[in-house]
Amino acid sequence: MTEPVHGLRGNPLRDVRDRRLPRVPDPCALVVFGVTGDLARKKLIPAVYDLGNRGLLPPGFALLGFARRDWDHGVFESLAREAAEKGSRTGFREDVWRRIADSIKFVPGSFDDDAAFDNLSETLIELEESHGIAGNAAFYLSIPPAMFPVVLKQMQRTGMADNAERCGWRRVVVEKPFGHDLASSRELNDLVDDVFTAQDVFRIDHYLGKETVQNLMALRFANTLFEPVWNGNFVDSVQITMAEDVGIGTRAGFYDNAGAARDVLQNHVLQLLALTAMEEPVAFDAEAIRTEKTKVLGAISLPADPEHYAIRGQYDQGWLGGERVASYLDEKDVPAGSRTETYAAVRLGVETRRWAGVPFYLRTGKRLPRRVTEIAVVFKRAPHLPFSKTDTEELGHNQLVVRVQPDEGITLRFGSKVPGSSMEVRDVSMDFLYGESFTESSPEAYERLLLDVLLGDATLFPRNEEVEHSWRVIDPLEEFWAGSKPELYRAGEWGPAGADEMLARDGRVWRRP
Amino acid sequence: MTTTLWDTNGTEIVQTLSRERRAAGAIASGLALTLVVVVDEKSVAEAQAAATTAAAAHPCRLLIVVRRRMDTDDRLDAEVQVGGHLGANECVVMRMYGRLTLHAESVVLPLLAPDAPVVTWWYGAAPERLAHDALGVLASRRITDCRAAEDPRAELKRRAKDYAPGDTDLAWTRATPWRALLASAFDDSQSAPTSAQVSAEPDNPSAPLLAGWLMARLGVRAKLVDSEGPGVTAVEVKFEDKGRVRIERRDGHMATLSRTGRPDRTLPLKRRDLGDLIAEELRRLDADQPYAEALQAATRTKGLNERPGKRTHVWKDPEPVTSTRRAGTKKTASKRTAGKPARAKANR
């Protein structure tokens with residue numbers, strides 16, 4: 001018999017070398033507010049099921065739904081079952097579901113109803129006994145931000161959010177939008193911090209749960225090949241694109257008040273910028289990574305002449321993928337004459353030694369030709385070309401493109417000789433597919449992030465300072481844009497002409513993703 | 001797209017593979033490793049299906065080696081598949097006859113993906129010493145399956161005797177869900193364990209490994225108890241404070257976790273299919289120290305983790321060439337159809 005090695009977390013069966021064992025959270029409950037909403041049905045419930053199916057839920061687990069519906073457990077369970085069947089990634093299995101169904105509870109009530117929250121609180125205490133959740137709970141606020149204050153106050157009143165009182169951990173998960181400007185985000189944050197401690201607040205940006213985004217860190221910090229050229233000496237510019245082919249759908253009520261910059265630029269795109277531009281974290285843990293991201297976001301500079309370098313657009317009617325689509329103004333519930341942008345492009349700088357002088361071009365929009373998110377690092381041209389000018393006419397800039405979605409992977413573009421007797425150099429692409437088939441088995445972003453919340457691992461969640469820095473970038477843009485009309489672009493085109501002119505002014509062009 | 005090559009040689013296979021890859025547009029791909037599968041003719045389809053499932057998570061080049069009869073002329077037939085139902089992967093099935101079966105590495109070596117790790121998996125019974133098979137020597141990770149042996153528990157002892165870091169066994173892989181559940185049941189237990197017990201079918205090789213793991217990690221005795229199965233049916237750990245943790249699985253699907261002072265929980269604990277097991281094996285390619293510790297505790301051996309990880313080929317000829325065997329018989333055999341090798345001429 002060998003001497004037992006000291007285990008992780010005081011558990012002798014956990015061994016750092018034993019990487020077959022999955023990370024499984026402590027026994028806990030997941031409480032979802034607004035469990036009847038789209039997000040809960042399409043993402044959260046399937047994610048919980050998939051976690052269960054992969055054996056990643058702890059033995060003591062309960063899923064508690066709260067919403068204003070006159071339902072009992074049965075009705076809710078069958079709806080949850082339907083959601084899991086439709087949305088699960090790992091294949092629906094009756095026996096797995098039965099086990100999860102055992103742990104599903106529904107508490108009906110509206111958010112201003114004291115009795116309903118007392119009921120919720122009691123149900124949680126009961127679950128401690130019956131399901132062995134040991135006082136641990138994560139609260140997922142899948143509700144409009146306007147509802148936050150009342151829900152948080154209720155949690156405070158019932159003591160539900162108090163770590164000490166419940167002898168376990170209490171965490172809260174908030175979805176974007178984290179406010180609509182710096183002031184409102186601070187207000188929201190103060191409110192959440194009042195009820196929960198800062199380290200227990202998890203702000204979900206589902207882009208950070210994507211494998212390729214995490215792979216960006218592996219690419220940069222696990223290799224020697226890229227880091228030496230990852231700076232202003234070699235990089236000409238960086239383009240970050242997040243394009244969607246869909247319109248606003250039924251989100252007019254929310255979208256018309258927000259617009260592309262607040263909806264996407266402020267969170268997803270700036271987070272991608274932070275991961276691209278940040279310095280190497282001293283350790284791969286939440287604190288170190290978030291510190292580096294915060295530094296970079298704080299170093300972002302805005303264009304001095306926004307009329308040339310902050311462009312916004314709104315989609316007009318047009319043809320997309322062989323179908324006629326309506327203009328933004330003709331979408332359901334959009335107020336007549338709305339000046340909300342559905343496209344935003346901006347040139348930012350990062351004022352650090354590494355990135356001084358390198359422009360970061362960001363763009364996002366709806367009703368663009370295809371759904372694609374990518375980060376393109378465009379390198380400078382070789383300082384001297386020994387070939388004749390005609391030989392290298394078709395040689396462009398070297399590029400390293402991180403394709404976040406779809407076709408997750410990396411593309412490297414470089415010049416290569418065209419076979420033949422003359423010396424002719426042309427750009428070729430080398431594709432690394434992050435496994436075409438791999439994407440199917442790689443966990444969904446929500447699955448990964450939900451698991452991280454339950455494990456208490458905040459690495460992939462932006463910290464409040466990051467959110468505030470992001471608003472410091474967006475607020476002046478919004479201020480500049482206020483009162484102006486966005487430029488129209490036809491649906492199915494790569495944005496307004498102004499965005500192309502913006503790059504042309506710098507002698508560059510947008511990469512066609 | 002499948003190309004079949006009759007009575008071929010290694011060079012032709014290499015050329016065909018590279019031609020097929022180009023035709024499929026796979027000029028650059030993210031091959032992570034080469035998986036060599038040693039399998040019998042009757043199990044080729046099964047092994048290929050499992051390897052393909054695993055390859056979905058770990059893009060790899062699949063080299064399937066089928067050693068057919070030795071008492072016939074030397075011959076090599078091959079099927080080269082790129083893309084198609086294999087997704088992004090490529091697969092070469094090689095059928096070898098005659099003395100070539102003893103020199104399979106001569107065909108396999110030039111087909112290995114450049115500088116990528118090599119994993120060799122014996123689908124059926126593995127050689128007594130892995131070093132007897134050159135296909136095991138060129139691999140950095142070697143997957144065996146004790147369950148395929150006639151006496152699986154005796155096979156464990158052989159594996160321990162022959163162990164070198166980088167070896168792993170599917171009997172251990174099958175124990176992972178049990179271990180995961182046990183570990184999470186231990187997450188909030190305070191008392192010190194005093195004894196353990198594992199119940200399983202009498203010849204189940206995962207049970208001794210589970211017991212070995214508990215002994216190695218907890219420093220307690222772990223008893224093996226026979227049960228009706230299927231597979232492992234229960235694991236129980238007793239504690240100083242008279243408490244106990246028991247996980248019981250009767251149907252091979254769902255388990256009941258009972259802990260003193262807590263309500264029972266029913267949890268999924270399914271027996272996984274081969275593809276999932278191989279996928280788990282391919283996830284990491286370095287030595288598995290916890291396996292070595294479990295194996296040495298189960299078989300009362302010592303120092304498995306300290307052994308050198310590199311093996312050297314040991315020549316072992318099951319059927320030495322006799323003087324009557326004619327040299328250069330290969331080309332005397334005319335082209336034959338697949339799956340129906342001509343009856344061996346008595347050329348011994």
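This is a predicted model: local features need pLDDT of at least 70, side-chain atom pairs count only at pLDDT 80 or more; totals for chains, interfaces and linings use all residues.
A residue is counted here as buried if 20 or more other C-beta atoms lie within 10 Å of its own. The buried residues of H7(B) begin with B:Pro177, B:Trp178, B:Arg179, B:Ala180 and B:Leu181, and they continue with B:Leu182, B:Ala183, B:Ser184, B:Ala185 and B:Phe186. Among the elements of chain B that cover them are helix H8 (206-218) and the strands S11 (232-239), S12 (244-249), S13 (254-259) and S14 (265-268).

A helix of chain A, H6 (residues 182-195), can be read in a similar way. Its 14 residues reach 20 Å from the first C-alpha to the last, which is close to the 20 Å expected at 1.5 Å a residue. Within H6(A), the buried residues are A:Ser185, A:Leu188, A:Asn189, A:Val192 and A:Val195. Because they cover an arc of only 125° around the axis, these residues lie on the same side of H6(A). The other side of the helix carries the exposed residues A:Ala183, A:Asp190 and A:Asp194. The partners against which the buried residues of H6(A) pack are helix H5 (148-158), strand S5 (170-175), strand S6 (201-204) and helix H14 (464-481), in chain A.

At the level of domains, chain A is divided into domain 1 (8-175) and domain 2 (208-505), whose C-alpha centres lie 34 Å apart. Their contact takes 15 residues from domain 1 of chain A and 9 residues from domain 2 of chain A. On the side of domain 1 of chain A that touches domain 2 of chain A, the elements giving two or more residues are helix H1 (38-53) and S5 of chain A, and H1(A) gives the most, with 6 residues. That side of domain 1 of chain A divides into 10 nonpolar, no polar and 5 charged residues.

For chain B, the domain assignment gives domain 1 (2-173 + 309-332) and domain 2 (175-272), and 36 Å separate their centres, taken over C-alpha atoms. Here 10 residues of domain 1 of chain B are in contact with 8 residues of domain 2 of chain B. Helix H5 (152-162) and helix H6 (170-174) of chain B each supply at least two residues of the side of domain 1 of chain B that touches domain 2 of chain B, with H5(B) giving the most, 4 residues. By class, this side of domain 1 of chain B has 5 nonpolar, 1 polar and 4 charged residues.

The two chains also meet each other, in a contact that takes 41 residues from chain A and 39 residues from chain B. On the side of chain A that touches chain B, two or more residues come from each of helix H3 (94-102), strand S17 (425-433) and helix H12 (438-441) of chain A. The residues of that side of chain A divide into 16 nonpolar, 11 polar and 14 charged.

Finally, there is the nonpolar interior to consider. In soluble globular proteins, nonpolar side chains tend to be buried together. The largest nonpolar core of this model has 229 residues, of which B:Val36, B:Val37, B:Ile64, B:Val65 and B:Leu210 touch the most other members. Its largest share, 11 residues, comes from helix H9 (residues 260-277) of chain A. Leaving aside neighbours within four places in sequence, B:Val37 is in contact with B:Ala47, B:Ala51, B:Leu62, B:Ile64, B:Val65, B:Trp121 and B:Tyr123.

Technical notes:
Residues are numbered from 1 along each chain as its sequence is written. Chains are lettered from A and ligands numbered from 1 in the order in which they are written. A residue is buried if 20 or more other C-beta atoms lie within 10 Å of its own, exposed if 12 or fewer, and partly exposed in between; C-beta atoms are placed from the backbone. Two residues are in contact if their C-beta atoms, placed from the backbone, lie within 7 Å. The expected span of a helix is 1.5 Å times one less than its number of residues. The arc is that of the directions from the helix axis to the C-beta atoms. Domain bounds come from an automatic or database domain assignment. Ala, Val, Leu, Ile, Met, Phe, Trp, Tyr, Cys and Pro count as nonpolar, Asp, Glu, Lys and Arg as charged, and the others, Gly among them, as polar. A nonpolar core is a set of buried Ala, Val, Leu, Ile, Met, Phe, Trp, Tyr and Cys residues joined through C-beta atoms within 7 Å.
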